[in-house]
Structure formats: structure tokens, C-alpha cells
Amino acid sequence: MTHRSYRFDRYTISPATRELRCDGALVPLSPIVFDCIAWLLEHRDRAVGRDELVAAVWGRADVADTQVVQAVLKARRAVGDTGEEQRVIRTIPRFGYRWVAEVDADEADAPRPAIPPRRTPASEGAPPAPLRAGHARGARLAAVAAALLLAAGAWWFGGSLLRQPAGPQVPQARPEAAASQATAVLPATVAAGRDWSWLRLGLMDLVADRLRDAGVVVVPSDAIVALAGEASDAESAERVMRAASSPRWTVLPSVQHGPAGWSVGLQLRDGAAPPRGVDAVADDPASAAREAARRLLALLGRDGAGDTAAGGDLVPRLRAALLANDFGLAQATLDAATPAQRALPEVRLLQAQTDFGRGRYDIAHDGFTRLLGELGEDASPLLRARILNGRAACSIRLMALARAESDFGQALALIGDRNEPAIAGQTYSGRGAARAMQGDADGAYADFARARIALRLAGDTLALARVELNEGALRAQRGHPADALASFGRAADEFERSNARNELAGALVNQVEAYLDLLEPAQALAVAERAQALAPRLDDRAAGRLIAYWHASALAAVGRLAEAHERLDALIRAPEVLQDPVLLAMSRARKAALSLAAGQVDSAAAVSWQVVDGGAGGPLASVRGDAWLTLARALSAQDRADEAGREVARFDAWARASGDESSMLYARLAQAEAAWSERRREAAAAAYADALALAEQAGVPLGIARVGVSWGTVLIAEGELEAAAQVVGRLARWSATDFACALLQARLYRALGHVAAWRETLEHARSLAGERAIPAAVADERPATPLIAG
């Protein structure tokens, strides 16, 4: 295989090996400085904006200008440039930077492990034993979707859906100052009977809606519920809210029913200054809240005119139910509405949102589409933007990712430069997730960076943590699980502080996968157990099913095979999972790999066929590739060599066409194993070397180990111990935690005849085995060659 390197002046840079050399000598660089150079060099056909560079290199938006300037200064020094000369990196005033030096690109052979010489032993080695349950990169993409949509109500709130706000344009505020501009409307204190409990959230959202319509930046209601929704009183809620997002103002509503009617009070607080307040009385609480909000706006010097009350209190009731994630109550409220109320555009939108919350994504998608078509282009741009966002969220769940990206893009065009940072931030975050799931990492990072800036303006710390989670998923998808863990940890901490259980579940399942990627199964299981304990308290059943899958995967990784089989079987049989193509494929692929490892070859082949025949592109591509490798191994184990060969060839052609990196890696591994079983040793060695180089380029320990264990096993069986030692040595760092790596090390020491090392590593492998058997060829005390004591 090949990789590209670049030459300019006296310098050579290789992005694949992350090396910069001057006259052949290595130039030491920090990762940030190297990434700055590489990004500008690889995009030298154009100027790179400051925000794009920050998103690509730092992976977040909250980077101070001084950090960027210092990184570019160090990058210039590394390539013999200065800020005065700018012969290599030119500053584009008020925009960013551009690479201007002339560059030559080279194609160079990537390094391969040594290919062992051909031998003709008395007996050929057997095909490699099946490995433990494999990794499906598509699962990471599914986790990206989960990170975005585990609490999908974020795009439901944040402004009246039927009126176009008349507020000012979005100010070009610095991100670190943005939170102080937001207003937080807290849950209302309600002095009324139980039938009026909906007022606690419904009145809060109604007042927030009115303020936002007048151009006030308001923290989204779903973030308020997550952060302060369970506080015992208004004072506690305010303390929690101020600690979390430092809003400029807080509004504490109260409502009570008396002889004169319904009275609503709104107390405005801005830190140390004395609170100010307004109140209003009306025949119903919604009308009183609207009038109180108008008076509060007047107190703030804002125009509160233009409010309408279509649907009476139906809309506040519905929005309260959705804020509480009580979709059953929302549907019951809709069912009790009059036909005239149900025909209102805002109510129809809430019906589609309710269908989404109940998991009826195709029905919700149709509802959004019909409403958008009937309203036409004369409707409020923000109404249309929210409908498009709702439809895009459905498309992500339905895996129509290009369609989701298009809808999010149209929504952003409608939002434009209006003062709507909350919805803009959520929309950028949504489009970033859609792009990430399609493999557009650069576009995703850029969108997440824009989302961070907008969400800081909105004071929405919960949504910012969602972006952190999505960025972590993207880092893991790009082969950086250790870096991803840091993002997942920060997100999990914020979700736990905010009592955002659904989002916390998303952070935990991503942590489980990252630990499995890093070959730390015990850590993965510990996090999976924590997520499993959280599952009964989740509002989103899809999140609970995803937890069940990763719990089963972690159980398999530590050798608790019976429990893993049981949980996977339950998932595969569940009616809800049958409607979730990604999770169903993931569960079947994992089940097939476990069955093969247990010697249940017929079952492994049958279940793998289901994934291979039903898979396509997108997030399912890598899951399908994983199952295809299992299928090829199962057919080989059934002595169906011709059929296995046809499947390997079909797998390779499909993997190349799909462009999915992990599928191409596993297709090459399947070719290597097939060539070895056919005794084409040189072809097998070349294919193994290519597969290992692909795995090491990706940088994920699990992929490296998967190839290395297969290659090392057959080399030892062949007696090529010197070559085997080179391969096994690459996996030694993971033998302390991973069973397959530890077992391979014991196998090598036995073949070499080193008795003390063999016994020590064998005992360690047994400690990691769980229910997995130690092959007799590794545990046999009567080796074919004498053991060397000591």
C-alpha cells in the first residue's frame, strides 16, 4: 500500500507517520503544531478560516486567539518561516491563514512487517482459530446518532413556532462572554390543585416563548428542566441554574388561583441587584402568563405586542408533557382536543414531535413533511426551520443521512442571522452528526465548532455537553479512542450534574466502546454495569436497548459468554429491535462472532448471512463487513472452501466500493486467512502485512490485535517463530488486559520452549479467560520441543 508525503524547500512531511524532517533530520513538534502544518498544507488550494482551523486541530470552538497565534507562530518556526516573511504560511487578515510555499507530492511505499520466507514443513498449519467477538465500526456511527438524539427534545423548544421574532440580529459576541447575555426562565411555583400540575413546566415555557419572540436570548426550556427541573424550590433551582450556565437574568414565575381569577407573578433577578417583579390576573392561567410576560418585557424596554393565543391552553399543556418526556400524556391530550384545535399548525407540529418521542419515526416524518408542504414558503422562517429540524431528526433515526443533512442545511439558511442562537446551535449540532455518520469528519468538526459558539450565546450548557459527546464519538470513529474518552468523561460529568439521564446513557455507552477499542474489557464492563443500572430510569427505550447491546459486548470481552449470548438473543427477538436495522445488525454480527468462537459454526454462518444479505452502506457498512469476515471463517471451518473463496472475493469487491476503512481492513484479513488455508503462503503473508499496516494506520488497538492474533497464530503453527515474534511483540503492550493477546504470547513462549515465561503468561491468560477455553496446544505440558528452564 502507499501513502502520500510532501516536499517543500528543505523539508519533507508525512501526515501518515506524523513526521516533519529538515534535510533528513526529524523536527520535534507538538501534536497541535503538527496538525496546524498538515491542515494548512493539505488545504493549500485555498485560505483556511480561523474557525475551521480551530475545529480541525483543537476539535472545539472555545480556543483563545492567543493559542491559535502561538500555534501558528511555532508552525512557522518549524518550517523556517517568520511572521514578517510569511514565505510558507501567510496570514489572511480578519479571516485566517493560507499555505503559499510551493509543494511537491510523493507517493511512497508504506512499511510492512517482514514477510517470512517460504518453508515446506511436514504438515501445513491449520487456519487460524476464530477470534473473540469482533468490533463493528458501524456501532460507533450508531453511537453518534445516539449522542445527538437520546434527548431529542432539544429542537422542540426555543421560540414561538408561528410568529417571526422581531429581535435584533445576532451580535458577534466572543464565546467566553456569551453566557452572561442569556435569560433563564425557571419552572413555575404552582399554588393550585393536582389537575394544574402542568403549569409548572407549561407556564415556564410559555413565558420563555414570549421573551424569545421579543428578541431576548433565553436558555432552552429542555435545558432548564434537565438542570433545575427537580429542584425542591425556586431558590434551589436558581442556585443550580446559575452554577451551571451563569445566565444574565433569571425569571422566577409563580401562579395561583384566587377569587379574582388566576394570578401570575414574574420575578426578575440579575445577581446582587434587588429583584424586580410584575404580575397579572386573568380568567385562565395561560392568559395571565401572557399578560405578565408582556409587562416584564415592558420593564426590560422590549415590545411585547403581537401575541396570539391560538388553541387556548392546549399548546402549553402539550409542551409541558413533551418537556417532561411524557409522550403518553401528550398523545392523550392531543386525542382529547377538538378537531379545530388539532388542525392548528402548531398543534400539528406538536403531534409530529409526539410521534417522534414515541419512536414512530416514519409517521413523524410524514407529519413534518405534510405540514411543511401545506404551510408553504410564506410561513414563518423559524416555523419552517423547526419543521425541517424535526424531519431531519426522523431521517437520522431512519438512516436517511443525506436527507437529514439537506434538511438541517435548509433550516440553517432559514435561521440566517436572526437572534436565535439556541436553535442555530442545535441545528449545527444536528448537521454535524449527520455529516459524521456519513464519514465527513471535516464538515462535522466545523459544524460542531459553530454549534459551540451559538450554544454559548444561548447559555445552553446541556447542549454544549451534547456537542462534546458528539465530538468524542467522532474522535473515536477516526481512530483516537483515548482522546475520545476524555470528551466522553467531560460530557458524562456535565450530564450527571444536570441529572440528564438519557444523555448520560449516551456518554456511558460511548465510553464502553472506547474501552473495548483500547482492549480494556474490565473497564468497559464496569462502565457498562453503571449504564445498565441507569437503564430502568431512562425515558428513551432506544437508549436502554443500546445499553443492553454494549453490556452484552462487554460481558463477551471478559469471557462471560453465557450471559452475553442470553442478552444478545433477547435483543434479537425484541419487536422494537426488529424495527431498528442498525441495532439488529449489530446484535446479529456480535452473536455470529460469539457463536463461531464457541464452535457453533452452522449458527455463525446462518446469522452472518442475515447481516451480509440485509446490509447496505452508511452506518451498516462496517457492521456488514464484520459479519462478512465471520461468514468467511465459518464457511472455511465447514470445509466449504470454494464457497468461502467466492465470499471473500465478493467481500473484497464490496468493501472497496463502500469506501469503509474497517471493512477494507477486514476484507484484507479475510483474504489473508483464505490464502493461508489454501497454502498460498507468500500471498497470505503479503495480505497479512497489508492488513496489519491498515490497522496500525487506523491506530485502534482492537483492530491491530485482531489482525496480529490471526497472523501470529498461523506463523507459530507454521514454525515461523522469528517472524511470529515480530508480530506478537506488537501486541505485547495489551497482553496485560486482553485475553487473546495474552493467549498468543503464551502460545509463542511455548513454541520457543521458554518454560518459565510460558507458565507465567499461561496463568495470566487463564485469569482473563472467563468461560473461554485454553486450547490444548497452548496448555499441554508435553510440548513437541523441549522446554528451556528459566
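## Helices and strands

Let's start with the secondary structure: this protein has 36 helices and 13 strands. Keep in mind as you look around that the model is predicted. The chain has 790 residues, and 57% of them count as buried. Its accessible surface comes to about 31,400 Å², and carbon and sulfur atoms account for 50% of that.

The mean pLDDT of the protein is 82, and 85% of its residues reach 70 or more. One stretch to treat with care is residues 108-180, where pLDDT stays under 50. The model still has 230 contacts beyond four places in sequence for that stretch. Where pLDDT is low, though, the predicted coordinates should not be read in detail.

Which residues have the most contacts inside the largest nonpolar core? They are L211, L266, F495 and F651, in a core of 159 residues. Helix α23 (residues 541-557) gives this core its largest share, with eleven residues. Apart from this core lies another one, of 33 residues, including L40, L41, W58 and V103. As a bit of background, nonpolar side chains in soluble globular proteins tend to be buried together.

Zoom in on L266 and you can pick out its neighbours. Leaving aside residues up to four places away in sequence, L266 touches V207, V251, L252, P253, R276, G277, V278, A292, A293 and L296.

Helix α1 covers residues 31-42, which makes twelve residues. From its first C-alpha to its last, α1 reaches 16 Å, close to the 16 Å expected at 1.5 Å a residue. Its buried residues are V33, F34, C36, I37, A38, W39, L40 and L41.

Now try helix α22 (residues 521-534), which has 14 residues.

## Around helix α21

Helix α21 is also where you'll find E503. Is E503 buried or exposed? With a relative accessibility of 5%, E503 counts as buried, because the cut-off for buried is under 20%. The side chain of E503 has a partner too: a polar contact of 2.7 Å joins it to the side chain of R466.

Follow the chain into the loop between α21 and α22 and you get to L519. This residue has a positive phi of about 60° although it is not a glycine. L519 is also buried, at 1% relative accessibility. Another non-glycine residue with a positive phi is R679, at about 65°. R679 is found in the loop between α30 (661-677) and α31 (681-698).

## Later in the chain

D738 is in the loop between α33 (721-731) and α34 (739-752). At 3% relative accessibility, D738 counts as buried. Where does the side chain of D738 reach? It goes to the backbone nitrogen of C741, at 2.9 Å.

Helix α33 holds Q726. Q726 has a relative accessible area of 36%, so it is partly exposed. Along the chain, Q726 and G712 are 14 residues apart, and their C-alpha atoms are separated by 8.7 Å.

## An exposed alanine

Finally, have a look at A413, which lies in helix α16 (residues 401-415). Why does A413 count as exposed? Its relative accessible area is 62%, and exposed means over 50%. A413 and P381 are 32 residues apart in sequence, but 9.2 Å apart in space, C-alpha to C-alpha.

Note on methods
Residues numbered from 1 in each chain as written. Predicted model: local features only at pLDDT ≥ 70, side-chain atom pairs only at ≥ 80, totals over all residues. Heavy atoms only, no water. Helix = DSSP H or I, 4+ residues; strand = E, 2+ residues; numbered from the N terminus. Buried < 20%, exposed > 50% of the residue type's maximum accessible area, 1.4 Å probe, protein only. Areas by Shrake-Rupley, 256 points an atom, 1.4 Å probe, with all protein chains shown as cover. pLDDT = per-residue confidence, 0-100. Contact = heavy atoms within 4.5 Å. Core = buried A, V, L, I, M, F, W, Y, C linked by side-chain atoms within 4.5 Å. Expected span 1.5 Å × (residues − 1). Polar contact = N/O pair within 3.5 Å; in protein donor to acceptor, adjacent residues only side chain to side chain.
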